[in-house]
Amino acid sequence: MNSTVFDLFRTAALLVLTPKCFDNYFLEFNYLDGPCFFATLSKGLGFGIILGSLTVKVPQILKILNNKSGEGINILSVTLDLSAITIYMAYSFVKGFPFSAWGDASFLAIQTVLIGYLVLYYQGAITKAITYLLVYVTVCYVMMFGMTPLEFLWSLQTFNIFLVVVGKLMQAYTNLQNGHTGQLSAATLIMLLAGSLARIFTSMQETGDSVVILTYIASSLSNAVLVVQLLYYWNVDPKKKVE
């Protein structure tokens with residue numbers, strides 16, 4: 001392998017491997033290094049989660065568009081979920097965590113704000129829907145581009161655990177009241193649960209931030225509640241339930 005090809009290979013490999021692990025694997029041929037294995041696994045999982053996040057809420061968006069309805073979706077729950085995602089995204093961005101540790105949050109934020117917009121739009125509140133988008137873009141700018149102190153973002157991230165749990169449980173309560181899960185997408189809920197479980201491991205490996213780790217533990221437990229409800233109400237027809 002000539003030096004140019006090797007340099008290109010090394011550059012690509014360093015997206016997943018640390019320089020030390022690259023040397024271990026490809027120069028010293030040491031494949032039994034435990035810390036390198038877990039670090040590489042974490043990076044790989046992180047990028048896998050990011051790829052998955054590109055479409056994780058697309059089934060939910062398509063379900064709303066196809067039915068021209070956001071029935072059963074609690075807009076306050078969506079907003080709390082969006083707030084939690086955005087706080088984590090801003091905190092991680094400003095703190096300088098590697099993109100593999102938080103990049104999925106950026107794609108989840110885009111999809112979640114779109115869900116909020118569509119729910120309002122199909123309720124006939126078009127002005128509110130547009131305002132919802134504009135306010136969100138403004139908040140993101142203020143939080144991520146030097147206008148919000150890191151100490152304040154840390155405080156918000158601590159509060160995030162509460163937001164995550166309350167937001168998900170509000171949706172669970174709405175499901176319980178309705179006796180069905182409405183327009184909630186099974187694919188989206190299952191992927192969110194899988195992603196939050198994987199993020200516990202990647203957060204431990206790549207950030208070591210106890211607040212972030214606790215947030216993902218809380219998110220996993222809350223997502224699990226919604227998945228259990230999804231299975232419980234699987235054969236319930238929302239239209240028949242209304243009748």
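Guide: Let's start with contacts along the chain: in this predicted model, among contacts between residues at least 6 apart in sequence, 77% join residues at least 24 apart. The elements making up the protein chain are 11 helices, with zero strands, and the pattern along the sequence reads α-α-α-α-α-α-α-α-α-α-α. Taken along the principal axes, the C-alpha atoms fill a box of roughly 70 × 45 × 35 Å.

Now to the part you asked about. The largest pocket has a volume of about 410 Å³. Its lining is made by 27 residues, and the closest to the pocket centre are Asp104, Leu108, Leu192, Tyr216 and Ser219. Looking at the lining by element, you will find that two or more residues come from each of α3 (34-53), α5 (75-95), α6 (99-122), α8 (150-178), α9 (186-206) and α10 (210-232). By residue number, Asp104 and Leu108 fall in α6 (99-122), Leu192 in α9 (186-206), and Tyr216 and Ser219 in α10 (210-232).

The protein chain has 243 residues, of which 48% count as buried. Its accessible surface comes to about 12700 Å², and carbon and sulfur atoms account for 71% of that area. As for charge, the chain carries 13 positive and 12 negative side chains, with the centres of the two sets 11 Å apart.

Methods: Residues are numbered from 1 along each chain as its sequence is written. This is a predicted model: local features need pLDDT of at least 70, side-chain atom pairs count only at pLDDT 80 or more; totals for chains, interfaces and linings use all residues. Side-chain values use heavy atoms; hydrogens and water are left out. Helices (H or I, at least four residues) and strands (E, at least two) are DSSP runs, numbered from the N terminus. Buried means under 20% relative accessible area, exposed over 50%, partly exposed in between (1.4 Å probe, protein chains only). Contact means heavy atoms within 4.5 Å. Accessible areas come from the Shrake-Rupley method with a 1.4 Å probe; for residues, only the protein chains shown count as cover. Lys and Arg count as positive and Asp and Glu as negative; His and the chain ends are not counted. The place of a charge is taken as NZ of Lys, CZ of Arg, CG of Asp or CD of Glu. On a 1 Å grid over the protein atoms alone, a cavity is a set of points where a 1.4 Å probe fits but cannot get out, and a pocket is an open set with protein on both sides within 12 Å along at least five of seven lines; lining residues have an atom within 4 Å of a point. Grid points are joined across faces, edges and corners, and a volume is the space filled by probe spheres set on the points.
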